[in-house]
Amino acid sequence: MLFVVLSGMADRPLPEFGDRTPMEAARTPLLDGLAASGQMGQLWAVAPDIAPESDAAAMSLLGYELDQYYTGRGPLEALGNGLDMQEGDLAWRANFATGDSGWNIVDRRAGRSLGDTEARELADAVQKDVHLPGASIQFVQSAGHRGCLVIRSTEGALSSAVENIDPAYQRRGPFSVAVPTPGMTAARARPLDESAAAQRAADLSNSFVEQAFEVLDQHPVNLRRRDLGFLPGNFLLLRDAGDRLPRLPPFVDRYGLRLGAVVETSVEKALAQLSGLELMRLARATGNPERDYNDWALRTDEALTSMDGAYVHIRAADVPSHDGDADQKRQAIEDIERFYFGRLAELVDMDALLVCVTVDHMTPVILGSHSNDPVPFLVTGGLEPGSASAFTEANAAGGSFGWLMGPELMPRLAALVRG
């Protein structure tokens with residue numbers, strides 16, 4: 001089985017593409033051929049009324065029921081970044097943003113120009129100079145403007161029942177849901193129940209953000225960035241709190257398949273570890289799509305050769321979606337088609353595989369954030385072909401595979417693989 005998740009690739013029609021989506025506007029003969037040889041459908045990775053984040057969507061697509069297993073994104077970020085996460089710790093996803101002492105936000109991602117070296121230096125300063133009363137912290141930069149925080153209290157367990165500080169995401173149970181038109185003022189963390197553990201978690205989180213701003217605002221890295229005309233990474237936006245790691249039953253026990261995971265983000269690496277997938281080691285990204293996707297294809301081939309299949313998660317189309325860049329999104333889709341699927345087709349006999357290609361969540365360019373639209377999927381291998389001739393959102397809506405909820409897809413695929 002080859003199971004590929006193309007993060008954020010689905011979209012809504014855009015006037016610059018003649019009321020076509022980027023998937024429809026992109027040239028993708030290999031994906032279209034897969035769609036024509038199999039069947040298509042649509043799914044909601046989490047629920048019809050939730051715009052999911054990638055972590056919850058990925059867990060769901062791997063066949064795990066979120067109401068039983070999901071504990072928030074923060075713990076997955078912590079595990080994926082090598083932090084010591086224990087039950088009762090509070091783990092947050094963080095963004096290096098640009099803001100001021102009044103918690104007004106200029107840019108949620110510090111202009112998307114914060115380099116890894118700069119961000120690591122800033123994170124080291126936060127780790128060294130932020131001190132919380134009755135608690136310790138672990139804070140690291142993960143990639144670009146992203147980071148992860150774990151707070152451990154010496155005065156008892158903390159609760160994740162705390163609202164996000166990042167104004168672009170609002171808590172709904174254990175999930176964070178994108179706000180369609182977020183304000184530009186960070187919210188003070190507040191407890192979502194009346195427990196002392198939630199109140200202390202909120203107080204410690206607010207204190208962390210305040211102290212971190214004092215450390216970061218005049219840090220030499222940010223002084224240099226201002227001199228060069230770049231936005232400073234001086235404010236830390238926290239979201240997706242969790243107070244324990246999920247306990248996932250091994251994927252092989254549930255579905256009888258041993259998969260290799262070809263993934264790049266800390267969250268995906270954590271999910272692979274927790275579900276027992278074998279993590280395939282990717283070379284460091286160079287920014288050259290042909291070179292990078294060649295490595296992805298080689299690692300996919302390795303998993304298909306040595307195991308029962310491969311789980312692949314590619315996020316390249318999601319990044320320009322958040323930036324509102326339709327042309328770059330179309331280009332990202334074409335790069336995936338040409339350099340990943342094209343190279344993979346040279347390495348393996350695609351006709352000998354059960355192939356599923358889907359999307360974890362829709363990220364419409366017009367919104368710059370995730371939406372609650374259903375997403376398309378295709379399945380080919382041992383199925384009578386449907387009537388579609390291209391892998392598009394519209395074709396999937398009328399596809400013969402039907403409509404599914406996220407956790408329903410994997411059992412169907414595993415049954416097809418086993419025959």
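## The second largest pocket

The lining of the second largest pocket comprises 9 nonpolar, 4 polar and 5 charged residues. The structure described in this report is a predicted model. The space in this pocket amounts to about 280 Å³. Its lining consists of 18 residues, of which Arg108, Arg109, Ala168, His322 and Gly368 are the closest to the centre of the pocket.

## Nonpolar cores

The largest nonpolar core contains 90 residues, and the members that touch the most others are Leu2, Phe3, Tyr311 and Tyr340. Helix α13, which spans residues 326-347, gives the most to this core, contributing 7 residues. Another core lies apart from it and has 40 residues, including Phe96, Ala135, Ala186 and Phe213.

With neighbours within four places in sequence left aside, the contacts of Leu2 are Thr300, Leu304, Ala310, Val312, Tyr340, Leu344, Met350, Leu353, Leu354, Val355 and Cys356.

## Helix α3

The buried residues of α3 are Ser54, Asp55, Ala56, Ala57, Ala58, Met59, Ser60 and Leu61. After this helix comes Gly63, which has a positive phi near 95°.

Ser159 belongs to the loop between β6 (146-153) and β7 (169-172). Is Ser159 buried or exposed? Its relative accessibility is 12%, and because buried means under 20%, Ser159 counts as buried. Beyond residues up to four places away in sequence, Ser159 touches Leu90, Asp193, Ser195, Ala197, Ala198, Ala201 and Asp243.

Asp240 is part of strand β9, which runs over residues 235-242. Asp240 has a relative accessible area of 2% and is therefore buried. Its side chain forms a polar contact of 3.0 Å with the side chain of Arg239. When residues up to four places away in sequence are not counted, Asp240 touches Glu53, Gly72, Arg73, Gly74, Ala91, Trp92, Arg93, Asn164 and Ser176.

## The loop at Gln218

Gln218 is located in the loop between α7 (196-217) and α8 (220-227). The side chains of Gln218 and Asp217 are joined by a polar contact of 3.1 Å. Which residues does Gln218 contact, leaving aside its neighbours within four places in sequence? These are Leu223 and Arg226. Gln218 and Gly381 are 163 residues apart in sequence, and their C-alpha atoms are 58 Å apart in space.

Most residues other than glycine have a negative phi. Trp103, however, has a positive phi near 65°. This residue sits in the loop between β3 (90-99) and β4 (105-107). Trp103 counts as buried because its relative accessibility is 4%.

Arg112 is not a glycine either, and its phi is positive at about 55°. Arg112 lies in the loop between β4 and α6 (116-129). With a relative accessible area of 30%, Arg112 is partly exposed.

Technical notes:
Residues are numbered from 1 along each chain as its sequence is written. This is a predicted model: local features need pLDDT of at least 70, side-chain atom pairs count only at pLDDT 80 or more; totals for chains, interfaces and linings use all residues. Side-chain values use heavy atoms; hydrogens and water are left out. Buried means under 20% relative accessible area, exposed over 50%, partly exposed in between (1.4 Å probe, protein chains only). Helices (H or I, at least four residues) and strands (E, at least two) are DSSP runs, numbered from the N terminus. A nonpolar core is a set of buried Ala, Val, Leu, Ile, Met, Phe, Trp, Tyr and Cys residues joined through side-chain atoms within 4.5 Å. Contact means heavy atoms within 4.5 Å. On a 1 Å grid over the protein atoms alone, a cavity is a set of points where a 1.4 Å probe fits but cannot get out, and a pocket is an open set with protein on both sides within 12 Å along at least five of seven lines; lining residues have an atom within 4 Å of a point. Grid points are joined across faces, edges and corners, and a volume is the space filled by probe spheres set on the points. Ala, Val, Leu, Ile, Met, Phe, Trp, Tyr, Cys and Pro count as nonpolar, Asp, Glu, Lys and Arg as charged, and the others, Gly among them, as polar. A polar contact is a pair of N or O atoms within 3.5 Å; within protein, one must be able to donate a hydrogen and the other to accept it, and residues adjacent in sequence count only if both atoms are side-chain atoms.
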